[in-house]
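Subject: Structure for you to look at

Hello,

Here is the structure we talked about. Please open it and keep it in view while you read the notes below.

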Amino acid sequence: MDKQQQIISTALSLFYKKGIHAVGINEILAVSGIAKKTLYKHFESKDALICACLVARDMRFNAWLKKICLQPSAILVAQAIFFGLKKWINNEVSELGNFNGCFFINTAAEYPTENDPIAKLCKQHKQTNFEIILSALLETPEFAHNREKAIEAAHHLLILKEGFISRAKVMHDISVAPPSDNVLKAIVAVG
């Protein structure tokens, strides 16, 4: 791993565990073993490093989400989302690491100004999540020719996904139950 990736990896891990404002550059340097000069050679500021961490986490999470959403029917897409999330909440998804809520929701709470580049990256992540779910639904026989209904279903699934993650994080409840199959079937019903 090169120095830049080492910095991103260390910072992302610390930011995700403790929160962005709770972690200073000196802590990142101490944990990574990287010199301050090297860090600033790669990142002009802490905000630039935060943005790099968001991009790295976005790529990792979205690759995982795409993989689990590859299903042959709409109900299986919906079920796979919540089965995958349940595994993540229970620390069973190695590529996402130990669960501490959504890094993007956590970060957005610390950077509430809409035009902040960090807030924009958080918003873009959620838009990409929606697009991944929508794309998966459009690949199913139920939605292949019904984009309007697929958009509606993808919005509902995204909202439930966000609520599921937030409840598990805020309540410190790894036993949080996913939506029932009846709820998911109602969401992906085309007729």
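What follows is a short tour, from the whole chain down to single residues.

Keep in mind that this is a predicted model.

**The whole chain**

The protein chain has 9 helices and 0 strands. Read along the sequence, the pattern is α-α-α-α-α-α-α-α-α. The C-alpha trace spans about 60 × 30 × 30 Å along its principal axes. Of the 191 residues, 45% are buried.

Residues 24 or more positions apart account for 67% of them.

The chain exposes about 10,000 Å². Carbon and sulfur atoms supply 56% of that area. There are 22 positive and 18 negative charges, and their mean positions are 6 Å apart.

**Helix H2**

Start with H2, residues 25–32. Which of its residues are buried? They are Ile25, Ile28, Leu29 and Ser32. Seen down the axis of H2, these buried residues fall within an arc of 100°, so they line one face of the helix. An α-helix has 3.6 residues a turn, so residues three or four places apart point the same way.

The face of H2 turned away from the buried side carries exposed residues: Asn26, Ala30 and Val31. What covers the buried residues of H2? The cover includes helix H1 (3–18), helix H3 (36–42) and helix H4 (46–69). Just after H2 comes glycine 33, with a positive phi of about 75°.

**Threonine 38**

Threonine 38 lies in helix H3. Its relative accessibility is 23%, so threonine 38 counts as partly exposed; the cut-off for buried is under 20%. Leaving out residues up to four places away in sequence, threonine 38 touches Lys3 and Ile7.

How many disulfides does the structure hold? The count is 0. Cysteine 69 is in no disulfide. The nearest cysteine sulfur to cysteine 69 is that of cysteine 102, 15 Å away. Cysteine 102 is in no disulfide either. For cysteine 102, the nearest cysteine sulfur belongs to cysteine 122, at 7.8 Å. A disulfide needs the two sulfur atoms within 2.5 Å.

Are these two cysteines buried or exposed? Cysteine 69 has 2% relative accessibility, so it counts as buried. Cysteine 102 is buried too, with a relative accessible area of 6%.

Leucine 157 is in helix H8, residues 147–170. Leucine 157 is buried, with a relative accessible area of 0%. Which residues does leucine 157 contact, beyond its neighbours within four places in sequence? They are Ala78, Ile81, Phe82, Ile133, Leu137, Leu184, Ile187 and Val188. Compare its position with that of valine 190. Leucine 157 and valine 190 are 33 residues apart in sequence and 14 Å apart in space, C-alpha to C-alpha.

Histidine 125 is in helix H7, residues 117–138. Histidine 125 is buried, with a relative accessible area of 1%. Set aside residues up to four places away in sequence, and histidine 125 touches Asp58, Phe61, Asn62 and Phe104.

**Two loop residues with positive phi**

Asparagine 91 is in the loop between helix H5 (74–89) and helix H6 (103–110). It is not a glycine, yet its phi is positive, about 60°. At 41% relative accessibility, asparagine 91 counts as partly exposed.

Histidine 172 lies in the loop between H8 and helix H9 (181–188). Histidine 172 also has a positive phi, about 50°, although it is not a glycine. Is histidine 172 buried or exposed? Its relative accessibility is 68%, so histidine 172 counts as exposed.

**To recap**

The chain is built of 9 helices and 0 strands. H2 has its buried residues on one face. Leucine 157 and histidine 125 are both buried. Histidine 172 is exposed.

Best wishes

Notes:
Residues numbered from 1 in each chain as written. Predicted model: local features only at pLDDT ≥ 70, side-chain atom pairs only at ≥ 80, totals over all residues. Heavy atoms only, no water. Buried < 20%, exposed > 50% of the residue type's maximum accessible area, 1.4 Å probe, protein only. Helix = DSSP H or I, 4+ residues; strand = E, 2+ residues; numbered from the N terminus. Arc of directions from axis to C-beta. Contact = heavy atoms within 4.5 Å. Areas by Shrake-Rupley, 256 points an atom, 1.4 Å probe, with all protein chains shown as cover. Lys, Arg positive; Asp, Glu negative; His and termini not counted. Charge placed at Lys NZ, Arg CZ, Asp CG, Glu CD.
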